[in-house]
Amino acid sequence: MSISETTPGVTMEEITALAKRRGFIFQSSEIYGGIGGFFDYGPLGAILKRNVKDAWWREMVELRDDVVAFDSSIIMHPSTWVASGHVAAFHDKLVDCRNCKHRFRADHLRSLDQCPDCGMRESLTEPRNFNLMMQTSIGPLEDSASRAYLRPETAQGIFVNFKNIYQSARKRPPFGIAQIGKSFRNEITPGNFTFRVREFEQAELEFFVPDDGKDMRWFDDWVSARKKWYSDYGVDATKLRFYQLTPEERPHYAKAGTDVEYLFPWGWGELESIAHRGTYDLDAHMQLSGKDLTFFDEATKTKFTPILIESSAGMDRTTLTMLIDAYRNESITDASGKSSTRIVLRFHPAIAPVQVGVFPLARNKPDLVARAHSIEQGLRAKARTQYDEGNVGQLYRRQDEIGTPYCVMVDYQTLDDGTVTVRDRDSMVQERVSGDSLTTYLSSRLLV
Ligand code: GAP
């Protein structure tokens with residue numbers, strides 16, 4: 001058997017079609033015509049995204065003894081966003097076309113002389129500031145006193161709680177605080193499927209270090225740790241780059257910044273930003289709140305404001321990356337020379353929504369069906385499994401398209417000697433495995 005890629009790369013049309021067909025991602029409120037910049041995760045997409053978040057959490061929190069967990073509220077005191085600078089400066093430049101009434105982000109346009117949609121010359125307005133924070137109101141009255149914001153990043157919840165957390169967790173810098181949660185931005189032009197949306201999830205690590213001259217070492221260590229994470233989960237290294245921001249591209253208080261970028265079908269796009277933020281955030285909250293957020297060292301009886309290294313990754317963008325990166329159109333020629341094609345998602349086993357598919361050879365044979373059900377249930381403790389039945393070729397096709405690394409076929413021989421056929425998604429090689437060793441066989445391959 002030989003397997004080769006027919007067309008390298010994938011188009012966004014292929015990704016959105018597969019996402020809908022197989023239940024990964026749907027447009028939000030589709031029956032009402034959808035709503036721009038919002039998406040829903042279907043049965044498989046919800047598991048895929050959860051696996052991506054779990055993989056981040058495992059690496060960033062559970063496998064470390066210097067990072068603690070956190071989960072703050074989405075709506076915070078409005079002063080938070082004054083101190084952070086979001087009220088004054090979280091803007092994009094917006095332009096309108098007076099002719100076709102379409103809106104654009106000024107920095108996404110090649111020229112301000114001509115509308116890219118209707119082609120009309122000199123129809124675009126002067127760029128004006130548009131604040132990206134989503135507003136809501138709290139309580140029964142809708143006035144300026146009740147105005148609140150849906151957080152545009154999760155990080156500020158960590159900063160304002162810095163003291164509560166280090167005191168209760170008994171941590172001293174260097175240590176980090178991690179959280180995963182929803183953020184909202186009223187993007188002017190959401191687009192590229194789930195890449196730029198108005199409601200999304202961020203996984204943020206805020207790592208506080210003493211000002212002892214080792215801050216840049218910590219920054220470099222976090223860039224390396226994040227590189228290793230993407231590589232561990234199989235993201236194609238040739239499509240990933242770690243772009244070092246120039247001093248002009250960084251905020252004035254930041255000593256260093258690196259963007260993690262992936263080569264999407266439309267070009268390079270940011271997955272994550274890693275930033276050295278100095279003491280800017282804690283200073284800003286201390287100044288506006290009048291509360292002390294310095295670290296008090298009991299041992300030396302001294303206090304200092306720690307320096308912050310931040311890693312902020314978008315979980316929707318990372319999930320989309322996993323889908324795009326795994327997608328292959330393949331052509332297969334079997335031993336008899338017969339050719340066929342398939343779509344396959346070559347997910348890392350830890351990310352794959354289903355890890356083992358189990359089927360009976362025939363769905364109208366109660367003995368086979370009962371045995372397949374029992375094998376599938378027996379594997380649940382060790383893997384994410386799915387029982388399915390139907391035409392064998394179609395079953396394999398479907399599991400390939402949803403990225404299931406292993407399929408187990410229960411046939412008549414199983415009823416005689418307990419063995420099953422295990423098919424490997426990537427090589428399509430089938431192996432006869434005894435029922436007794438099936439769990440060990442699969443778990444050793446899934447725990448890569
Ligand atoms: N606390 C730092 C911060 O929020 P950011 O670069 O604005 O930094 C971090 O955002 C990450 O959040 C981005 O790299 C991206 O993955 C994700 N993100 C930001 N805006 C997004 C949007 N509109 N849609 C999807 N993901 C977004």
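Me: How do the residues of the shell around the ligand divide into nonpolar, polar and charged?
Reply: Keep in mind that this is a predicted model. The shell has 9 charged residues, 5 nonpolar and 4 polar.

Me: Ok, and which residues come nearest to the ligand?
Reply: Out of 18 residues around the ligand, the nearest are E153, E187, V197, E204 and E270.

Me: What does the side chain of E153 do there, in terms of N or O atoms?
Reply: An N or O atom in the E153 side chain sits 2.6 Å from a nitrogen atom of the ligand. E204 also has a polar side-chain atom 2.6 Å from a ligand nitrogen.

Me: And which side chain has an N or O atom 3.4 Å from an oxygen atom of the ligand?
Reply: That's S273, through its side chain.

Me: How much of the ligand's accessible area does the protein cover?
Reply: 90% of it; on its own the ligand has 560 Å². The space the ligand takes is the largest pocket.

Me: Which elements give two or more residues to that shell?
Reply: Three strands do: β11 (199-209), β14 (267-278) and β17 (307-314). β14 gives the most, with 4 residues.

Me: Switching topic. How many salt bridges turn up in the whole structure?
Reply: A search finds 33. One of them pairs the side chains of R328 and E5, at 3.9 Å from N to O.

Me: Where do R328 and E5 lie?
Reply: R328 is in strand β18 (residues 327-333) and E5 is in strand β1 (residues 2-5), so this pair ties together parts that are 323 residues apart in sequence. As background, side chains of opposite charge can pair when their charged atoms come close.

Me: Now the backbone. Which peptide bond is cis, with omega near 5°?
Reply: The one from P173 to P174. P174 lies in the loop between α6 (162-169) and β10 (175-184).

Me: And which residue has a positive phi of about 50° although it is not a glycine?
Reply: E122. You'll find E122 in the loop between β6 (103-105) and β7 (128-131).

Definitions and conventions:
Residues are numbered from 1 along each chain as its sequence is written. This is a predicted model: local features need pLDDT of at least 70, side-chain atom pairs count only at pLDDT 80 or more; totals for chains, interfaces and linings use all residues. Side-chain values use heavy atoms; hydrogens and water are left out. A residue is near a molecule or strand if one of its heavy atoms lies within 4 Å of it. A polar contact is a pair of N or O atoms within 3.5 Å; within protein, one must be able to donate a hydrogen and the other to accept it, and residues adjacent in sequence count only if both atoms are side-chain atoms. Accessible areas come from the Shrake-Rupley method with a 1.4 Å probe; for residues, only the protein chains shown count as cover. On a 1 Å grid over the protein atoms alone, a cavity is a set of points where a 1.4 Å probe fits but cannot get out, and a pocket is an open set with protein on both sides within 12 Å along at least five of seven lines; lining residues have an atom within 4 Å of a point. A molecule sits in a cavity or pocket if more than half of its atoms lie within 2 Å of its grid points. Ala, Val, Leu, Ile, Met, Phe, Trp, Tyr, Cys and Pro count as nonpolar, Asp, Glu, Lys and Arg as charged, and the others, Gly among them, as polar. A salt bridge is a side-chain nitrogen of Lys or Arg within 4 Å of a carboxyl oxygen of Asp or Glu.
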